[in-house]
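Hi everyone, thanks for making the time today. I'd like to walk you through a structure that may be new to you, so please have a look at it while I talk.

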Amino acid sequence: MRLLRLELQAFRNHCHLQLEIEAPRLLVIGSNGIGKSNLLESVELLGSLRSHRSSQDADLIHWNASRALLKASCVDDIEVELELRRRGGRQARRNGKVLQRQMDLIGPLRCVGFSALDLHLVRGEPALRRHWLDRVVLQLEPIYAELIGRYNRLLRQRSQFWRRGGGGTSIEHQALLDSFDIQMALVCTRIHRRRRRALSRLEPLAAAWQSRLSQGHEQLELRYSPGSVLEGEEAEEPWRLAIEQQLHRQRCEEERLGSCRVGPHRDEIDMLLNGTIARRFGSSGQQRTLVLALKLAELELVGELCGHPPLLLLDDVLAELDPQRQLALLEAVGDSHQCLVSATHLNAFEGEWRQRSQILNADHLRNG
């Protein structure tokens with residue numbers, strides 16, 4: 001067990017919740033709307049600083065509060081806190097000490113989340129696959145958050161430049177675009193390298209899980225299709241120079257369209273089953289198996305590279321899987337991972353799984 005105690009104040013619908021974690025498996029059972037997903041989301045925020053459900057902190061704070069507080073006690077006497085404010089941003093603390101960099105909170109509660117929303121990962125927009133891969137990289141390299149943040153700022157500034165009539169051939173405009181190209185090329189290169197590297201590590205693990213879950217009938221391939229032309233072996237300087245040239249060449253088109261046509265924001269992760277694109281030709285069952293294989297691969301990779309198994313958060317996902325895949329998922333978790341699961345009923349959990357679990361119901365959440 002890594003998570004020992006959880007306290008929430010004014011987070012979503014939880015005005016005040018205190019929870020002692022007494023078993024490696026925590027089952028949160030009850031009808032929709034009582035705050036099951038919110039509880040798991042709080043652990044995800046403390047573990048990764050991100051929520052898969054919202055990008056706005058204001059959405060996470062109870063409607064009549066000005067701030068929310070999330071606090072967790074972990075193994076090795078580590079306590080992590082995250083304060084969300086309607087005004088003034090966030091503040092992260094570790095053992096009571098304010099952290100200058102929020103990313104320094106990542107580590108004690110690394111987690112892998114799997115929710116019903118993830119079932120859109122295969123058939124949804126490319127942005128969903130990019131965000132999923134970014135979450136994996138962030139678990140492995142917390143500094144990656146700074147790279148993504150810097151790139152998004154540059155992209156916004158570049159778009160604002162064109163919206164304000166930045167076209168033309170003046171020396172000032174060209175100098176500003178040259179500066180954008182130099183900065184963006186470096187950040188693009190570093191994001192591309194990390195995404196490509198993480199996917200290459202994930203692919204053999206995910207392929208093995210896909211084969212196992214399909215009884216050997218399905219072969220999975222993951223292909224990284226970058227939004228920049230990357231030729232030759234992975235190397236920062238040649239790739240940086242190549243991307244800089246691509247940014248320069250596409251300026252006329254960029255001015256016409258008002259958006260940058262080169263960079264990680266145009267990346268795609270192609271997922272193929274037996275050589276065909278899964279989002280177009282895979283059945284619903286195959287796509288669900290693929291998502292399950294990706295999550296199990298992520299769980300395995302993060303544990304392998306970080307030296308300890310991450311928490312697994314299963315948010316109301318079992319109802320979306322057939323009994324065979326439910327059993328495969330629960331067996332894969334085994335005893336090696338602390339697991340927090342939300343569900344509407346206990347029917348999916350039988351025998352040893354239920355006996356060795358701490359069970360929370362609606363009364364626990366209301367009276368926390």
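Let's start inside: how many cavities of 30 Å³ or more does a search of the whole structure find? The search finds three. Please keep in mind as we go that this is a predicted model.

Let me take the largest cavity, which holds about 170 Å³ of space. It is lined by 17 residues, and those closest to its centre are Glu44, Cys111, Gly113, Arg135 and Glu298. Which elements supply at least two residues each to that lining? They are α1, β8, α2 and α8. Strand β8 provides the largest share, five residues. If you sort the lining of the largest cavity by class, you get five nonpolar, six polar and six charged residues.

The second largest cavity has about 50 Å³ of space. Its lining is made of Leu40, Glu44, His52, Gly113, Phe114, Ser115, Leu313 and Asp315. Here α1, β8 and β12 each give at least two residues, and β8 gives the most, with three. By class, this second lining divides into three nonpolar, three polar and two charged residues.

The largest pocket contains about 1,300 Å³ of space. Its lining has 39 residues, and Arg50, Ser55, His131, Ile148 and Asn152 are the ones nearest its centre. Three helices each supply at least two lining residues: α1, which covers 36-48, α2, which covers 126-140, and α3, which covers 144-163. Which of the elements gives the largest share of this lining? That is α3, with nine residues. The classes here are 14 nonpolar, twelve polar and 13 charged.

The second largest pocket has a volume of about 170 Å³. Eleven residues line this pocket, and nearest its centre you will find Met1, Asp335, Ser336, His337 and Gln338. Its lining consists of three nonpolar, four polar and four charged residues.

Next, a pair of helices. Please find α8, residues 284-306, and α9, residues 323-333. How do they pack? Their axes are 11 Å apart, at an angle of about 5°. Angles under 35 degrees count as roughly parallel, so α8 runs roughly parallel to α9. On the α8 side, the contact is made by Gly285, Arg288, Thr289, Leu292 and Leu296, and on the α9 side by Arg325, Leu329 and Ala332. Sorted by class, that contact has four nonpolar, two polar and two charged residues.

An α-helix has 3.6 residues a turn, so residues three or four places apart point the same way.

Staying with α9 for a moment, its buried residues are Arg325, Gln326, Ala328, Leu329, Leu330 and Val333. What covers them? The cover includes β8, α4, α8, β12, β13 and α10.

Is glutamine 287 buried or exposed? Its relative accessibility is 5%, so it counts as buried. Apart from neighbours within four places in sequence, glutamine 287 is in contact with Val122, Arg123, Ala278, Arg279 and Gly282.

Glutamine 160 counts as partly exposed because its relative accessibility is 30%. Glutamine 160 and glutamine 219 are 59 residues apart in sequence, and in space they are 44 Å apart, C-alpha to C-alpha.

Glutamine 215 is not a glycine, although it has a positive phi of about 55°. You can find glutamine 215 in the loop between α4 and β9. With a relative accessible area of 53%, glutamine 215 is exposed.

Aspartate 316 also is a residue other than glycine with a positive phi, near 50°. Where is aspartate 316 found? Look in the loop between β12 and α9. Aspartate 316 is partly exposed, at a relative accessible area of 25%.

Conventions. Residues are numbered from 1 along each chain as its sequence is written. This is a predicted model: local features need pLDDT of at least 70, side-chain atom pairs count only at pLDDT 80 or more; totals for chains, interfaces and linings use all residues. Side-chain values use heavy atoms; hydrogens and water are left out. Axes are lines fitted to C-alpha atoms, for helices over the stretch in contact, and angles run from 0 to 180 degrees between N-to-C directions. Helices (H or I, at least four residues) and strands (E, at least two) are DSSP runs, numbered from the N terminus. Angles under 35 degrees count as roughly parallel, over 145 as roughly antiparallel, 65 to 115 as roughly perpendicular and the rest as oblique. Contact means heavy atoms within 4.5 Å. Ala, Val, Leu, Ile, Met, Phe, Trp, Tyr, Cys and Pro count as nonpolar, Asp, Glu, Lys and Arg as charged, and the others, Gly among them, as polar. On a 1 Å grid over the protein atoms alone, a cavity is a set of points where a 1.4 Å probe fits but cannot get out, and a pocket is an open set with protein on both sides within 12 Å along at least five of seven lines; lining residues have an atom within 4 Å of a point. Grid points are joined across faces, edges and corners, and a volume is the space filled by probe spheres set on the points. Buried means under 20% relative accessible area, exposed over 50%, partly exposed in between (1.4 Å probe, protein chains only).
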